[in-house]
Amino acid sequence: MEIFLQTAVETEKLGNILGKLAQSGDVFCFTGDLGAGKTCFTNGLLYGLGFFEGGSSPTFTIVNEYPTNPKINHFDL
C-alpha cells in the first residue's frame with residue numbers, strides 16, 4: 001500500500017490513528033530519503049499508543065525501544 005501525504009502534520013496524524021489501532025505483532029515498514037517523514041510518522045504512532053515524550057531517529061543507534069503497549073522497536077535498517 002502506498003499513501004502520499006503532503007505535510008508533517010498529516011504524516012503525524014496518520015501515525016496517531018494507526019497507533020490507536022496497533023496490536024502486538026503489527027509491523028510497519030517505511031522507506032524514504034533522509035527527511036521523508038519516517039520518524040515523524042513514528043512519533044504519531046507513539047502518541048497514538050499514549051507515549052508523549054516523542055521519539056528520535058535511530059540513525060546512529062540502530063534501534064530505539066519505547067515502553068508502549070504494545071512495545072515499539074524503531075529500527076534503522
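Visitor: What share of the contacts in the chain between residues at least 6 apart in sequence join residues at least 24 apart?

Guide: In this predicted model, 35% of the contacts between residues at least 6 apart in sequence join residues at least 24 apart. Contact here means heavy atoms within 4.5 Å.

Visitor: Which elements does the chain have, and in what pattern do they follow one another?

Guide: The chain has two helices and two strands, and along the sequence they are arranged as α-α-β-β.

Visitor: What makes the radius of gyration of the chain agree with that of a compact globule?

Guide: For 77 residues, a compact globule would have a radius of gyration near 11 Å, and because the chain has 12 Å, the two agree. The C-alpha atoms fill a box of roughly 30 × 30 × 25 Å along the principal axes. The accessible surface of the chain comes to about 5,700 Å², with 56% of it belonging to carbon and sulfur atoms, and 29% of the 77 residues count as buried.

Visitor: Why is helix 2 called largely enclosed by the rest of the structure?

Guide: Eight of the eleven residues of helix 2 are buried, so the helix is described as largely enclosed by the rest of the structure. The buried residues are Cys40, Phe41, Thr42, Asn43, Gly44, Leu45, Leu46 and Gly48, and they pack against helix 1, strand 1 and strand 2. Just after helix 2, Gly50 takes a positive phi of about 85°.

Visitor: Why is Tyr47 called partly exposed?

Guide: Tyr47, which has its place in helix 2 (residues 38–48), has a relative accessible area of 23%. Leaving aside neighbours within four places in sequence, Tyr47 is in contact with Glu12, Asn16, Phe52 and Gly54.

Visitor: Why does Thr11 count as buried?

Guide: The relative accessibility of Thr11 is 12%, and because buried means under 20%, Thr11 counts as buried. Thr11 is placed in helix 1, where its side chain reaches the backbone oxygen of Thr7 at 2.9 Å. Neighbours within four places in sequence aside, Thr11 is in contact with Leu5, Gly37, Cys40 and Phe41.

Visitor: Where is Thr68 found, and what makes Thr68 buried or exposed?

Guide: Thr68 is found in the loop between strand 1 (63–66) and strand 2 (72–75). With the cut-off for buried set at under 20%, Thr68 is buried because its relative accessible area is 12%. A polar atom of the Thr68 side chain lies 2.5 Å from the backbone oxygen of Pro70, and, apart from neighbours within four places in sequence, Thr68 is in contact with Leu46, Leu49 and Phe51.

Visitor: Why is Met1 called exposed, and which residues make the nonpolar surface patch of about 370 Å²?

Guide: Exposed means over 50% relative accessible area, so Met1, at 93%, is exposed. Met1 lies in the segment before helix 1 (8–21), and the nonpolar surface patch of about 370 Å² is made by Met1, Ile3 and Leu5.

Note on methods:
Residues numbered from 1 in each chain as written. Predicted model: local features only at pLDDT ≥ 70, side-chain atom pairs only at ≥ 80, totals over all residues. Heavy atoms only, no water. Helix = DSSP H or I, 4+ residues; strand = E, 2+ residues; numbered from the N terminus. Buried < 20%, exposed > 50% of the residue type's maximum accessible area, 1.4 Å probe, protein only. Polar contact = N/O pair within 3.5 Å; in protein donor to acceptor, adjacent residues only side chain to side chain. Patch = residues over 30% accessible without salt bridge, like charges linked within 9 Å, V, L, I, M, F, W, Y side chains within 5 Å. Areas by Shrake-Rupley, 256 points an atom, 1.4 Å probe, with all protein chains shown as cover. Salt bridge = Lys/Arg side-chain N within 4 Å of Asp/Glu carboxyl O. Rg over C-alpha atoms; globule rule 2.2 N^0.38 Å.
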